[in-house]
Amino acid sequence: METKYYYSYNTAAKTYSGKHPALKNPQRPSEYLLPAKATFIEPPQTGTNEIAIWNGQNWDIESDFRGQTQVNIETKEISTIEYVGAIKDGFQKISEDMAEDIKTNPEKYKNIGGNFSDISNTDEYRQFLKEKETEARKTKIEQELSELDIKRIRAICESSIKDEFTGETWLDFYNKQVANLREELNKL
C-alpha cells in the first residue's frame with residue numbers, strides 16, 4: 001500500500017514546514033484528508049539559503065537568510081535577519097567575525113557605492129589612524145603637563161636642590177620637562 005503525503009506550511013509567511021503522511025477519509029476510502037495550511041503538491045528542492053513558499057497555487061522559492069547577521073550600511077548597526085526573502089535595501093549580509101570587527105572598529109568600515117567595505121588598507125584609514133594617535137598623544141601630554149604643574153607648585157614651596165653637583169632645583173627640572181612637552185605638543 002502506497003502512503004500519500006501532504007506538505008504543510010506555516011500561517012504567517014506560508015513557508016514550508018514539513019512532510020506528513022495523510023490519513024484516509026473514513027467516509028470516502030479513495031480520498032485522503034488534507035488539513036488546513038497544507039497541500040498535496042510536493043515543494044521543489046531548495047538550495048542553501050532558500051526556502052519554499054506556498055503562493056496559494058504552487059510553491060515559489062525565496063531566499064532565506066534567517067538567523068544570519070546583517071549590517072545597516074548607513075548606521076553600522078548589526079542585527080539578526082528575521083525575515084524571508086532577499087536582503088533588504090540598505091542592509092548587507094555579513095559574517096559573525098565581520099560583525100564583531102565592526103563592533104570593535106566601526107571606523108574601519110565605510111559605505112562605498114552601496115556596499116559596506118573594509119577600508120583598513122586605504123590611505124584614508126591610515127590617515128584616520130594617524131590623526132587618532134596624534135589626538136591620543138596630545139591628551140597624554142596635557143595630562144603630563146597637569147601633573148608637572150602640581151609638582152612645580154610643590155617645588156616652589158620646598159625650593160630644594162635636586163642635584164647637588166649641578167645645583168639644579170626641582171623647579172628647574174620640572175620646568176625643563178614642561179618646556180619639552182610643550183614643544184612636542186606644538187609640533188603635533
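**Close-up 1. The hairpin made by β1 and β2.** Six residues sit between β1 and β2 in this hairpin, and Lys14 in the turn has a positive phi of about 60 degrees. This is a predicted model, where local features need pLDDT of at least 70 and side-chain atom pairs count only at pLDDT 80 or more, while totals for chains, interfaces and linings use all residues. Residues are numbered from 1 along each chain as its sequence is written, and side-chain values use heavy atoms, with hydrogens and water left out. Strands here are DSSP runs of E with at least two residues, helices are runs of H or I with at least four, and both are numbered from the N terminus. Strand β1 (residues 5-9) pairs with strand β2 (residues 16-21) in the antiparallel sense, over five bridges; to count as a pair, two strands need at least two bridges found by DSSP. Look for Ser8: its bridge partner in β2 is Gly18.

**Close-up 2. The two sides of helix α1.** In α1 (residues 96-104), Ala99, Asp101 and Ile102 are buried. They share one side of α1 because they cover an arc of only 165 degrees around the axis, taken from the directions from the helix axis to the C-beta atoms. Buried means under 20% relative accessible area, exposed means over 50%, and partly exposed is in between (1.4 Å probe, protein chains only). On the face turned away from the buried side you'll find exposed Asp97, Lys103 and Thr104. The buried residues of α1 pack against β6 (69-72), β7 (78-80), β8 (91-94), β9 (109-112) and β10 (115-118), with contact meaning heavy atoms within 4.5 Å.

Close-up 3. A salt bridge puts a side-chain nitrogen of Lys or Arg within 4 Å of a carboxyl oxygen of Asp or Glu. Asp101 makes one with Lys108, their closest N and O atoms being 2.8 Å apart, and both of these residues are buried. Lys132 and Glu107 form another, at 3.9 Å from N to O. Lys132 is in helix α2 (residues 123-158) and Glu107 is in the loop between α1 and β9, so this pair ties together parts 25 residues apart in sequence.

Close-up 4. Glu184 and Arg137 form a salt bridge, with 2.8 Å between the closest N and O atoms. Glu184 belongs to helix α3 (residues 170-187) and Arg137 to helix α2, so distant parts of the chain, 47 residues apart, are linked. Glu184 is partly exposed at 31% relative accessibility, and Arg137 is partly exposed with a relative accessible area of 27%. Salt bridges link Arg137, Glu144 and Glu184 in a network.
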